[in-house]
Structures are given as C-alpha cells and as structure tokens.
Amino acid sequence: MNPASSPRPEDWKIVPASSDPSGGQYFLQAPSGKVYPTYLAAVRHLNYFDSNQADIEVLRTGLKLEGWEAKTGLPKNWFAKVENERRQFLSHDFLEFTSFAAAYDHLFKNKDNFEVDDLTMFYSSFSRPLPTKPTFTTKPTFTTKPTFTTNLTKLGNSNSPKTNHLKPANTTKTTKYTRKGDLTYSKLKSLVENGGSKVEIDKTVAQLLMEGWVTYKNLPKGWLRSNPQNKSTAIQYLVFDPFCAKFGSKHSAVGTLKRMGLGKQYIAKFIVGDSDIEHFLGTERDNDWVSGDETVPQGWQIRNDKNNSDPMAIEILSPEHICYKNRISALSHLSLETARDVYSREEVELIRSKLSHEGWVDHTMIPEGWKINRTKTFSSFLTKDGTVLDDYAAALKLLKDPKSRYTTQDKKNFVEARDGIEYNKTPMKIKVPVFPENKASAGLKKVLMPEGWKFENLTEKLIRITAADGNQFYSRIKAIEFMIENNEDPEIIYSLWSTLDEEDWKFGYKFVPLGWGVRDPAIGEEFLFLTREMEVLINVEQALDYIENDDAYTGEDYKMLKKWNDNYKDVTWVEDEDIPKGWKKTEDDEEEEQFLGPFGTILTGRVALIEHLIKQNHSPEEIFALWGTLDLEGWMNDNKNLPLGWKSKYFPELDEFHYLSPLMQVVKSETDLVKLITDCKLTSPDEKLMVQHLKKWASNNY
C-alpha cells in the first residue's frame, strides 16, 4: 500500500501502521477513524454494514494490489489469485474460498442468485489443478517473465511452442452474459451440464413450454422446437437430453449432430420428425414385415397396410426404422435439403427407381426428374423433390410460376404434350402387391412330429405330446429324451428343441457352455440349467459340479460360470429407467455400478455398458439416454476445452484427467489424445469421422 498512488475513497487516508513511518507498512483509515490493515478487510466491513457503494467500488480496485484479479470464467465481480501454488477465490460479496471445490459448492448451493452460465464457465475454467511449476537445481535469471508450456507433443509448426489445450487460457474473450429472454434456456443448459436433478430439469422444461416452445410426437426424446406465428420466421430447435444446445435452424442442428458423431438413424428420425411427411416410428418390431422384396431397395421391408381395405395399400420400412405409407413419402424425406448430407444420391435414386410399383413412370415431354402417374382418368405428376401435383393444371401452374426455375423448353414441351398426357382413356393397371406370409407372424411355431405322434396345445403354456405307442409327455424335454432314446429323425428332434423357448428356456447366454439353456429364476428361486445332454440342473452349484466331472467340458467353461456367479450372487439387481429394457443394475450406490444384461452379461460401469450397446447395434435413443447419465460417474461435459462431444473425469488418487470420446474410447493422457489423432490404424467410418473432428479441433487449439 503506497500513500501516494494507492486508491482510496474521498476523505479516506493511508496511514503508517506504526509510529515509525520508515517501517514501510501502511493501513487504510476511514473518515470515522477506523483502521483497516488491507483493502479486503475494508470492503468486507463496509459491505456488511451496507455503507456507501461508491466507497466500496473505489476500495475494490485496490484489491489488485493484494493479488486479486478479475479473470475470464469468473462470475460477475468475482476475483481470483494464486497463493502458495493454490488458487483462491473471492466472491462479489467478499467471501473468500481457499479452493475450487469450496467456491463451486457455494455457487451450486446459491445457483438461483447467479447467472445460469456462471456455473458452467466457472467449472470449465477452474476445475483443473494448476500446472506444477518446474524446479531448478540453481536459481535461473530471467530478463523477462518466463512462460512455461506443458510437455505435450506439438502439432503443426514444431518451432512454435503451444500451451496445453486442456488448461483455460487467459486470452479467452470476455463472457457475454445471457439476455433475459434466454434465461430459462441458460438455466436448463447449466442444469444439464452440471448434473442438475431431474425434478429441476423437468421444471425448467415446463417453463420453456409456457414460453412458447413445443414438443412434437416424432421428434427424438429430449427435443423441443419453436412455434413461430409468422411463416417467414425460422423455426428454432432445442435439445436437453442427453446434452443441451439451441439451434437457429434444422440445418444447423443436423450439422452439429453429425459433428458429434451421432448415427444415421438418430439424425434421419430428427430430420423427418416434425416435417409434413407422413411417417410412423416404433413399428420395426412388428412381425409382419417382409424382407428381400424386389419392389423396395435392398435393406428395406414392406407389408400390406392392415388398417386400409384398399388391396394396393402398403407400408414400407427404411433401414433407419422409419415407416412410410408409400414410396413417395420415403422419397420426399430422402430428398429434403437437410437430408442431403445423410442420404447419398444413390440411395435417393434407388427409392425413386421403385416408384413404378405405384404407377409412377418417366415421360420425355415432362421436366427432367419428373414422373407421371396414369393409373386414373386424369394424370397426376411427381416433381423431382417428391411433390405430388394432382392434375395437369396444377403442374402447369407450377411450371409457369416466376419463382420456379424451369426452362422455357420445359414449359413448351409440357404445353405441346397436353393432349397426350392430361387425360387417360384407358388408365394403366398395376399389379396388386402380394407378400409371402412371414413365418414369425403365423402364430405358434410349427412343430414336426414323428409318424403316429400327436402335438396338442391344451392352454397357452400347457402342451401334450403323445407318442405312437401311447406314451404321453407334458414337457418338451421329456418328449425329446424319449425321441433320442428311440433314434427318431434328428431333424424332428431339433424341430421340437427349437420350441423350448415356449417353456421359458433361453439360449445364447455367455456364461454357460455352448448349447446350454438357462431358465431365469422366479422370486426367491435359483437359475435352472439345461445341458446339451438334456440334463436339468437346479442351481449353479450343480452346474459347476456337472462341468467339472464331465470330460466334454473344459476348464474355461468352469471358470466362465464361476466368475459370473461370483459377480452375480449376494447382489440385489434392480431395474432402472435410465438403462435399456431387459437390463438391471446393482442396488448398492456405494459400490461401483454393475449392469446385468438379458443374456447374463455383467458389465462394470456405464462406459462399458454404452460400449457394449454400441457393438450390439442398440438404438441411438437407448445409447444417448445412457450417455446423458455419465455425470453420475464423474464424466463431465467441457465443450470449452475439449472437442465437441468429449467428456473428462478427474481421478484424485492419480491427480490426473482421463478423456472419453463419443465412440467410448477412454484416453488416459494428453499424449495419448494426440496419438489418437495421428493413428492410421483407425479404419471404420465412425473412427475416421472422429479423427477428422479431432484434427479440426486441434488446429484451433495448438
């Protein structure tokens, strides 16, 4: 504190701390005569007693002399300083916090008193520990203030030192505070990114709906859109699950979803979700879809429309699990401007080539890309983008519209051909679609029986099998045993074996030997096991003993079942709305979470579960619902310092951060992150896309 240059309010003084001014220590003295040893002590006292605000603002400027600085990422009127290699924080009302954790806890508990983005910016900027200062065996001499960089492999110009991209840079532009009109969205974004409670998130979403945002049935879960009254106003989109963002247009939203590496199915459903194109979701599990039909592209499925009495009515299902009432609707979707980066030109032309099965054909006198339908007395026309024009007059009106881009020759040809294309004296007939019965939709599986045998369904679950000699069996297993003993045809035995699922036996579990069946236990009971030799074992102990004492099985079979049982037993498994149907999780929140799959797979941690779901081609909705819960295991969004879609987690015991990619790759160091960018072994389209995004991000951060 300097009597000549240090700031002080009017009528305040800077006085020596002792009677000897040569000591060099000074205090602040208020007009009342009260003395303060530091600027912080002075502003705290004045703020507590609601003193003159002008005096407080002058004294606030003096805090810089005591090491306090305003930094990017801090809430308004907050300060920070580094003391004894530890970062400290000072709030707007002069509360002092000696660690990031203490300051963040205060912000979170009092979040209603701050701008919503304050928590996000504070976490992104200050959550990482300060870099360790280098030590020297001898004290170095610098003519200018030294600058140190992390020992991170450089990208680009090796002669230019680069700072660590994961540490907040002091050169970041000042944060712009949110406008009042965006406060609800900003609050929602903070809640989502900082692990806010579901109750708080639902409450904030409800507020957005009151402010004019709307939900649409076919938009993916967690999406809203604006509902402008004026058609010229662009529609905005907002997503809050599994991440939070707002987009000024659908095109902008699609671009971001692609950069984040979201799958084609998710993006395709988003694009068509709130469009005028008639479509349905959730039908892919219906058992009447027919595959391999030549009237739809490969990979598509088709069926008769059971809700329409017209024999020509069909429905088609795309590989992205979107159901359309006709091929025109599918073409309209694939031809949308926003879908150009999702569907290739070849895919669009493939569905266009199948339009002939609905009566749409080419004609030399109509514009390029158009088709004509002559199945009725008056022709209708189809434009290149999938718009149906009901008659000749509607088509001519479009061609003559000054805003359209059709050539003079297009119009001339169309007018000259009127007599030949407007009216159809003999409408064209098209073949009524007939599809083979899907075996899965035929009800119960047809069972082959040896000559003289009889199979009866007594009730939904109870059956009776009568052998040629009069023996009766009320269990398929007993009947199969009898068939084996009497050397019946193996094909017939296998036919009956394939219906064991009707008695709740499941096959394909990973923890039992190949070919074994497992029956899930009822409450209070144990698993049952069915061996390849048709032996029924009533618990795991019997199964382990059977494997150990039968030469047909290996030590690996034994270890596999024992390891699974050790993980499974003495644990309470519960269902949870955040995980896919059929999966369960451990109930004990104090232990690391484990997840039990429908086929007995046990996985530790949500990262492993998501990775498994990706490999098993689960739906994007299930995967991203789970991705949004990774904060429960400490994986946090940090869009400021990491590539889009990545998360980071701090491990206190290791004093280091690990990083998680959208493809569920865990990168344990910054060096490995850089190595990933230059790894030429990554060959899948998703991996290539991720590396492409990483390189783009790295070019802006190194």
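**Figure 1. Packing of helices H3 and H4 in the predicted model.** Helix H3 (residues 100-109) and helix H4 (residues 117-126) pack at an angle of about 170°, and their axes are 10 Å apart. H3 and H4 are therefore roughly antiparallel to each other; angles over 145 degrees count as roughly antiparallel, under 35 as roughly parallel, 65 to 115 as roughly perpendicular and the rest as oblique. Axes are lines fitted to C-alpha atoms, for helices over the stretch in contact, and angles run from 0 to 180 degrees between N-to-C directions. H3 contributes Phe100, Ala103, Tyr104, Leu107 and Phe108 to the contact, and H4 contributes Leu119, Phe122, Tyr123 and Phe126 (contact: heavy atoms within 4.5 Å). By class, this contact of H3 with H4 has nine nonpolar, no polar and no charged residues. Ala, Val, Leu, Ile, Met, Phe, Trp, Tyr, Cys and Pro count as nonpolar, Asp, Glu, Lys and Arg as charged, and the others, Gly among them, as polar. The model is predicted: local features need pLDDT of at least 70, side-chain atom pairs count only at pLDDT 80 or more, and totals for chains, interfaces and linings use all residues. Residues are numbered from 1 along each chain as its sequence is written, and side-chain values use heavy atoms, with hydrogens and water left out.

**Figure 2. Aromatic cluster and the pair Trp78 and Phe97.** Ring pairs link Trp78, Phe89, Phe97, Phe100, Tyr104, Phe122 and Phe126 into a cluster. Rings of Phe, Tyr and Trp (its six-membered ring) pair if their centres lie within 6.5 Å; planes under 30 degrees apart count as stacked, over 60 as edge-to-face and the rest as tilted. By this rule the chain's count comes to 30 aromatic pairs. Trp78 and Phe97 form a stacked pair, with 5.9 Å from centre to centre and 10° between the planes. The pair links distant parts of the chain, 19 residues apart: Trp78 is in the loop between helix H2 (53-61) and strand S4 (79-83), and Phe97 is in strand S6 (residues 96-97). Trp78 counts as buried at 1% relative accessibility, and Phe97 is buried with a relative accessible area of 11%. Buried means under 20% relative accessible area, exposed over 50% and partly exposed in between (1.4 Å probe, protein chains only).

**Figure 3. The aromatic pair Trp453 and Phe473.** The ring centres of Trp453 and Phe473 are 6.3 Å apart and their planes lie at 15°, so the pair is stacked. Trp453 lies in the loop between helix H13 (418-421) and strand S19 (454-457), and Phe473 in strand S21 (residues 472-473), so the pair ties together parts 20 residues apart in sequence. Trp453 counts as buried at 11% relative accessibility, and Phe473 counts as buried at 11%.

**Figure 4. Packing of helices H9 and H10.** Helix H9 (residues 327-334) and helix H10 (residues 345-353) pack at an angle of about 165°, with axes 9 Å apart. That angle makes H9 roughly antiparallel to H10. Arg327, Ala330, Leu331 and Leu334 in H9 meet Glu347, Val348, Ile351 and Arg352 in H10. This contact has five nonpolar, no polar and three charged residues.

Figure 5. Lys269 is placed in helix H8 (residues 264-273); helices (H or I, at least four residues) and strands (E, at least two) are DSSP runs, numbered from the N terminus. Lys269 is buried, with a relative accessible area of 8%. Leaving aside neighbours within four places in sequence, Lys269 is in contact with Asn218, Pro220, Leu281, Glu320, His321, Ile322 and Glu621.
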